[in-house]
Amino acid sequence: MSGWAPSGALAANIEITSASVQRGDIVQIGGQPCRVTDLVQLPAGAKRLFFDTGEVLTMHARSRLVALRLTRKW
C-alpha cells in the first residue's frame, strides 16, 4: 500500500517582474514549464533568466509574467 506523503511545499501562482523574479520560479515558455536556474542583472532594471532546459529569456523592467513559486511550509 502506498499513501500520500506530505512534502511540506506549497505552490502559488504569482505575477513576477524583473524586480521580483527568483531562482526556482517556474515560468511557462512555449507551453512548457521551465524552472529559473540563474539570473543576471542587466542595465535599466532588466534581467536575463536562464532556465534548466537551456532556454534564455530577457525580461524588460516593465515585463510581467505569471509564474509558479514553491515555498516551504515549516
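The model is predicted. The chain has six strands and zero helices, and 24% of its 74 residues are buried. Three salt bridges are present in the structure, and the largest nonpolar core consists of ten residues.

**Fold and surface**

- Along the sequence, the elements follow the pattern β-β-β-β-β-β.
- Among contacts between residues at least 6 apart in sequence, 47% join residues at least 24 apart.
- The chain has an accessible surface of about 5300 Å². Carbon and sulfur atoms account for 55% of that surface.

- Strand β4 covers residues 47–51 and strand β5 covers residues 56–59. These two strands pair in the antiparallel sense, over four bridges.
- Phe50 has Val56, in β5, as its bridge partner.
- Four residues lie between the strands of this hairpin, where Gly54 takes a positive phi near 100 degrees.

**Nonpolar core**

- The members of the largest nonpolar core are Ile16, Val21, Val27, Cys34, Val36, Leu39, Leu49, Phe51, Met59 and Ala67.
- Strands β3 (32–41) and β4 are the elements that give two or more residues to this core. The largest share, three residues, comes from β3.
- Cys34 belongs to this core. Leaving aside neighbours within four places in sequence, Cys34 is in contact with Asp25, Ile26, Val27, Ile29, Phe51, Asp52, Thr53 and Glu55. Val27 and Phe51, two of these contacts, are also listed in the core.

- Side chains of opposite charge can pair when their charged atoms come close.
- Arg64 and Glu15 meet through their side chains in a salt bridge, at 3.5 Å from N to O. Arg64 lies in the loop between β5 and β6 (65–72) and Glu15 in strand β1 (residues 9–16), so the pair ties together parts that are 49 residues apart in sequence. Both Arg64 and Glu15 are exposed.
- Arg23 and Asp38 form a salt bridge through their side chains, at 2.9 Å from N to O. This pair links distant parts of the chain, with Arg23 in the loop between β1 and β2 (26–29) and Asp38 in strand β3, 15 residues apart. Arg23 has a relative accessibility of 53% and so counts as exposed, the cut-off being over 50%. Asp38, with a relative accessible area of 32%, is partly exposed.
- Asp25 and Arg69 form a salt bridge in which the closest N and O atoms are 2.7 Å apart. Asp25 sits in the loop between β1 and β2 and Arg69 in strand β6, so that distant parts of the chain, 44 residues apart, are linked. Both Asp25 and Arg69 are buried. Asp25 is also one of the residues in contact with Cys34.

**Backbone at Ala44**

- Most residues other than glycine have a negative phi. Ala44 has a positive phi of about 65 degrees although it is not a glycine.
- Ala44 is located in the loop between β3 and β4. With a relative accessible area of 76%, Ala44 is exposed.

Methods: Residues numbered from 1 in each chain as written. Predicted model: local features only at pLDDT ≥ 70, side-chain atom pairs only at ≥ 80, totals over all residues. Heavy atoms only, no water. Buried < 20%, exposed > 50% of the residue type's maximum accessible area, 1.4 Å probe, protein only. Contact = heavy atoms within 4.5 Å. Areas by Shrake-Rupley, 256 points an atom, 1.4 Å probe, with all protein chains shown as cover. Pairing = 2+ DSSP bridges. Core = buried A, V, L, I, M, F, W, Y, C linked by side-chain atoms within 4.5 Å. Salt bridge = Lys/Arg side-chain N within 4 Å of Asp/Glu carboxyl O.
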